[in-house]
Structure formats: structure tokens, C-alpha cells
Amino acid sequence: MECQTLIAALAKVGIRPAREADLDGITRTAVFLRSSADQVKHWLAEVDHDQPR
Amino acid sequence: MTNPVDLTLPVVAARLRDGRLTAETLAQAHLDRIAARDEGIGAFVHLDAEAVLAAARSADTELACGIDRGPLHGICVAIKDIFDVAGWPVRYGSRLYPDRIAATDCTLVTRLRTAGAVPLGLVATYDLAIVGPGDDGLYPQPRNPWDPARVTGGSSSGVAAAIAAGMVRVALGSDTGGSVRSPSAYCGIVGLKPTHGGLPLDGVLPLAPSFDVPGAMGRTVVETALLFGALRDDPVELPALSLDGKRIGYDRTWSLSPDADPQIVHATDAAASTLSLCGAEIRRVTLPPLSLMTAAAAVLIHAEGLQTHRAHLARDGGRMGRMAYQSMAAGAVLTETDIAQARRAADLLRARIDALLQEVDALILPTTLTPAPAFADFADGLARWSPMCTLPFSMTGHPALSVPMGFADGLPLGLQIAGRHDAEPLLLQIAAGFEHTTDHGALDAASLARHPLPAARQAPVFMTEETT
């Protein structure tokens, strides 16, 4: 995840990390969450595809 | 003579009523045990010995006058540091609230008092009950009584440590993504996460409202059931031990996750066999993938957690523990679409579990996929997920409990039993049957520390406590 993208997302909810080390930690969880959201999205697409029409 | 702290609550209750024990003597025994053992553990963060003894004396007076409030009358209960107890420094384990004093009792503490219980003290939690074990919260995190180099799990960290170290028999915890069940598994005790929405949450620090539930934790299943009965203000019929005719679903694939300790699947297979020997019918079932359920739950917990703590994160982030801050702030990368999709997935997955639970009475699976990690694993100070199977039932709201399942490398493992909404008595019954047959919970962390076993500690040890 790009640092600028993350900082922009944080700023949107009023969060401005003061420490660089925090950005590393936030990035780690953020990457996991983005991957989780994508996994959910793909599963729902499969569910919808398998749905009888 | 056995220290009363080491007697099960039904035995204590009988002695309180036949005059062999007083609540004051019992409370003093708890305070003495805490004084002797907690220095190396760090479970308790607030103790008011005078108030404890006064409440115990009051319980004695009532019993002497013929007022009997039930099985918790005169029994000491520890409280996680997120439940309001009037006049106590309930600070949520956070440097954001160093001077907070709770004004009133939360409803659950009121219910405990009504049941005659004696609030013993506050026990540690992770910073804002979010994630840990950080080293920059309001107080140090407790050490696992089985191995002080290991974490207890959390966020009900102090509860699990206090019970496992023999300082208290039962305690009030809470569970958002596994905060009752994972520390119970790591510390070798029993932890019940009830059905979502079944117990009141007023006066309790929120995290993710569609997941948050108070929980009952105890040394044994029966004791946990007694506490749960007081919390729901409706006694639980003490579980019968026969499992004849119970249909239990088992999906091995969750135990075989890539990040699982290889010993987990063997322990869970053995648990399934044990339940079968107890009369239950084990059926192979197919659960939705663990990774999918965990993914949807993680999205929702972080979305709700960010909403709950947004003001703290924006205004006071520098004073939050770093793990908690980093974990909650990361929710900012989730979009409205992500959250809506995760909610839809949660609804579909809940329906699938409901459908499975029409075919079987309960599901079994490991609580965590490893024994307790070492503190050293968290030395970089970054938040991380320890592999476990608790998030799915947090998301679906089904009740689930963890009961000691055995040992890996001398550390406890937990068997998770999940069931239909409001089926807690059945889960307790199954757990009681399993506990009675295996007696893994009879192993005592404190006594093992004094007399370490030379090899694997899997051999069951049978109850030696007096049972009358």
C-alpha cells in the first residue's frame, strides 16, 4: 500500500500519525484489511455467479 | 486442609451454608492468595481489601439471617477493567483514562451483587480492550501462569491469568473477536461467549457493538455456568453429563490451516473421539472457509472500532497504546462499499451456520490454532493477528465456549464448542461431559510450576478436590 494513499485515507477521518513507526504498524494492518475486503468481494461475486437465475 | 480458594464453588456453597466456612474467611483466603501469587503474574490492577471483606461480612450476616441469594452468595468474582463498578478506578487499561472513577455499577455488576457475589477487584485488559500485549498501556500485561514468558491472550488477559493462577474461581470478561475464548484457551480455563445481544452492555466500554458481548470465565464448566446464570439473571440448570444422542459437527479443515500448530489437529481429533466415547454422534460437516469468515469479521470489527474510537484516534492518538492506535487507525482504508459487502457476507455466512446447526446440535473446532505465543513474538510493538478460530462466531453472534482440550509443548489448548443462538445450556452440558471425561482442567498452572513435569503433560490428572 502506498504511503500517500494511506495518509490520505487517515486524513479523511481526521487521523494524522505523528510517528513514522506508527505508519509501519498501520500499514501492516491496512494491507491485511484491504486483502480481507478483496477476499469478501470475490466470494460475493462467486455467490452471485452461482445463484440460480 | 484444602485452602477454600482451591475448592469448587458448589463445595464452597455447601460449606458456607453448613457453617464450616464463612464468606469473610473465603475472601481473606483470596486476598492472601493474590498477595502470594500476583506479583509474578500482574493480573489484578485494583484491590480494596477492606471493601471486599466488608461485602463478605455482609454476605455472612445475610446467610445467618436466613437470606440466601443463591449459588454465588458470598463468592468472590473478579471484574475486567472495562465494567463499571461504583467508586472503583475503571480505566480501560488506557493512559487516556488514568484518573477515571466509575460513578455507578453497570447492570451486570448490579446483577452480581443481587446474586450475593462479592466483587473482588479489577483485573487487567489490553489498552481499550483492543489488541495486545503492548508494553505502553496503563499497566504491564499479565504473564501466563503456565509460562511467564508467554502471553495470556486478550483482551480479558487479567481474568484468564487470575483464574489460571488460582487467585479466583470465576470472573467477568468480555469478547469482541475472541477476548474471552482465546485467553481461556491459552491459560487452560473455561470461557463462555454468550449469544450476541443476550446480556446488557450498559456501563461497559464498547469496541465493535455488533460483536461485543460480556462473558463468563471460570476454572470449571460448572462454575462458569453458575456465573453465567447470575449474569443473565436466570439460573442455568447445571449440566447433566450424558451426551447420548447429541449430534456434534466437526470440520477438520479449520484445524489444518496453514498457520496452525501441527499438534492442534491431533488434539482436536482426540477431542472428537472423546466426545464420541461419551455418547455423542460426531458428524463430518463443511463449514465456510475460516479465512473468509475471518476476513469479513476483521473488516467489520475495524470499521466499527474506528467509529467507536475515532475521536480518540484523531485527538489523543499519541496517548493510546501503539498497537491499539495502529490497529484501529488502519480501519480508515476501508470504504463504505467494503463495509456493506462485509455485512452482506456476514448475513450469508450466519445463515449457512444456522442451516448447519439444524443438522447438528453443536460444532467443535479448536479455539486457537497455536498455544500461547511468547512475549518475544511481539517485541517489535506492531499489532498482529494470532491464528485462532474465534472471529467467525463473534461475527455470526452464535454462542461459543472454550474448554481445556489438552496440551502442546506443556501449554494448554482449548476446544471451542459453538451452537445455536441462546443454546448456552447445551454448550455447557457438552463441555461438562468433555471436562468430566478428560479432566484437562484439573491440571493447575501454579502447582505445575512448582513441580514441573519432565516430558509432555498430556497425561490426564484426575480431580482430587473434595466433591461434597
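1. Helices here are DSSP runs of H or I with at least four residues, strands are runs of E with at least two, and both are numbered from the N terminus.

2. Before going on, some housekeeping. This is a predicted model, where local features need pLDDT of at least 70 and side-chain atom pairs count only at pLDDT 80 or more, while totals for chains, interfaces and linings use all residues. Residues are numbered from 1 along each chain as its sequence is written, chains are lettered from A and ligands numbered from 1 in the order in which they are written, and side-chain values use heavy atoms, with hydrogens and water left out.

3. Back to α4 of chain B, residues 107-114: its buried residues are B:L108, B:V109 and B:L112 (buried means under 20% relative accessible area with a 1.4 Å probe, protein chains only). They sit on the same side of α4(B), because they cover an arc of only 100° around the axis, taken from the directions from the helix axis to the C-beta atoms. Their cover includes β2 (76-80), β4 (170-175), β6 (213-218) and α7 (221-231) of chain B.

4. Next, have a look at B:P133, in the loop between β3 (118-123) and α5 (157-164) of chain B. B:P133 is buried, at 9% relative accessible area. Setting aside neighbours within four places in sequence, its contacts (heavy atoms within 4.5 Å) are B:Y126, B:Q141, B:V151, B:M323, B:F375 and B:F378.

5. Another loop residue worth a click is B:H440, between α13 (424-438) and α14 (445-450) of chain B. B:H440 counts as buried at 12% relative accessibility, and its side chain reaches the backbone oxygen of B:M405 at 3.0 Å.

6. Now for the two chains together. The contact takes 36 residues from chain B and 30 residues from chain A. There are four salt bridges between them (a side-chain nitrogen of Lys or Arg within 4 Å of a carboxyl oxygen of Asp or Glu). One joins the side chains of A:R28 and B:D380, at 3.3 Å from N to O.

7. Which elements of chain B give two or more residues to the side that touches chain A? They are α9 (290-315), α10 (322-329) and α11 (336-359). α9(B) gives the most, with eleven residues.

Technical notes:
Buried means under 20% relative accessible area, exposed over 50%, partly exposed in between (1.4 Å probe, protein chains only). A polar contact is a pair of N or O atoms within 3.5 Å; within protein, one must be able to donate a hydrogen and the other to accept it, and residues adjacent in sequence count only if both atoms are side-chain atoms.
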